[in-house]
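Subject: Structure handover

Hello,

Below is the structure that I said I would pass on.

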Amino acid sequence: QVQLVESGGGLVQAGGSLRLSCAASGNINRIDDMGWYCQAPGKQRELVATITRDGTANYSDSGKGRFTISRDNPKNTVYLQMNSLKPEDTAVYYCYAVVRTSYWSRGTHWGQGTQVTVSS
């Protein structure tokens, strides 16, 4: 079993910052890609940012220049630093991790989601 636990969401005013964290635990041999998606009310879940094991990051157009993804491999943790937040960033943010539980077994696991609300 693999569990991902997110933290750091909350209510912030427009222009403010939040830092999300997501820690993976359980039967983990190695974690490959990690990242964040968000889902606003009435919308589909969409990609925010991804990061490879060696630290190569990619961002959606909405997050470029404002969000920074990072990870701590020994801690099996991924972070999302969100600056200059806008009301349209309001959503539930989900982390994911591509986890190898053995040499032969690899799967994608998701966190439970953390609410980010940006007031105008």
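Two residues are in contact, or touch, when they have heavy atoms within 4.5 Å. The model is predicted, so to speak of a local feature a pLDDT of at least 70 is needed, and side-chain atom pairs count only at pLDDT 80 or more, while totals for chains, interfaces and linings use all residues. Residues are numbered from 1 along each chain as its sequence is written, and side-chain values use heavy atoms, with hydrogens and water left out.

Val 98 and its contacts

Leaving aside residues up to four places away in sequence, Val 98 touches Arg 30, Ile 31, Asp 32, Asp 33, Arg 106, Gly 107 and Thr 108. Val 98 lies in strand β9; strands (E, at least two residues) and helices (H or I, at least four residues) are DSSP runs, numbered from the N terminus. In sequence, Val 98 and Ile 31 are 67 residues apart, but in space they are 5.7 Å apart, C-alpha to C-alpha. Val 98 has 11% relative accessibility, so it counts as buried. Buried means under 20% relative accessible area, exposed means over 50%, and partly exposed is in between (1.4 Å probe, protein chains only).

The whole protein

The protein has 0 helices and 11 strands. Its radius of gyration is 14 Å, close to the 14 Å that the globule rule gives for 120 residues, so the protein is as compact as a globular protein of that length. That radius is taken over C-alpha atoms, and the globule rule is 2.2 Å times the number of residues to the power 0.38. The C-alpha trace spans about 50 × 25 × 25 Å along its principal axes. Of the 120 residues, 39% count as buried. Among contacts with a separation of 6 or more, 54% are between residues 24 or more positions apart. The accessible surface is about 6500 Å², and 46% of it belongs to carbon and sulfur atoms. Accessible areas come from the Shrake-Rupley method with a 1.4 Å probe; for residues, only the protein chains shown count as cover.

Cysteines

Which cysteines form a disulfide? Cys 22 and Cys 95 do, with their sulfur atoms 1.9 Å apart; the cut-off for a disulfide is a pair of cysteine sulfur atoms within 2.5 Å. A search of the whole structure finds 1 disulfide. The pair links distant parts of the chain: Cys 22 is in strand β3 (residues 18–26) and Cys 95 in strand β9, 73 residues apart. The link is right-handed, with 50° about the S-S bond. Both Cys 22 and Cys 95 are buried. Cys 38 is in no disulfide, and the nearest cysteine sulfur, that of Cys 95, is 13 Å away. Cys 38 also counts as buried, at 10% relative accessibility.

Aromatic rings

The search for aromatic pairs finds 4 of them in the whole structure. Rings of Phe, Tyr and Trp (its six-membered ring) pair if their centres lie within 6.5 Å; planes under 30 degrees apart count as stacked, over 60 as edge-to-face and the rest as tilted. One of the pairs is Tyr 96 with Trp 110, which is tilted, at 5.5 Å centre to centre and 45° between the planes. Tyr 96 lies in strand β9 and Trp 110 in strand β10 (residues 106–110), so this pair ties together parts that are 14 residues apart in sequence. Tyr 96 is buried at 9% relative accessibility, whereas Trp 110 is partly exposed at 38%. Another pair, Tyr 103 and Trp 104, is edge-to-face, with 5.7 Å between centres and 80° between the planes. Tyr 103 and Trp 104 are both exposed. Tyr 37, Tyr 96 and Trp 110 form one aromatic cluster.

Two arginines are placed over rings. The charged end of Arg 19 sits over the ring of Tyr 79, 4.1 Å from its centre, and Arg 45 lies over the face of Tyr 94, at 3.7 Å from the ring centre. A charge sits over a ring if NZ of Lys or CZ of Arg is within 6 Å of the ring centre and within 35 degrees of the ring normal.

A loop residue

Is Leu 85 buried or exposed? Leu 85 counts as buried, at 2% relative accessibility. Its place is in the loop between β8 (77–82) and β9 (91–100). Residues touched by Leu 85 include Val 12, Leu 18, Phe 67 and Val 118.

Regards
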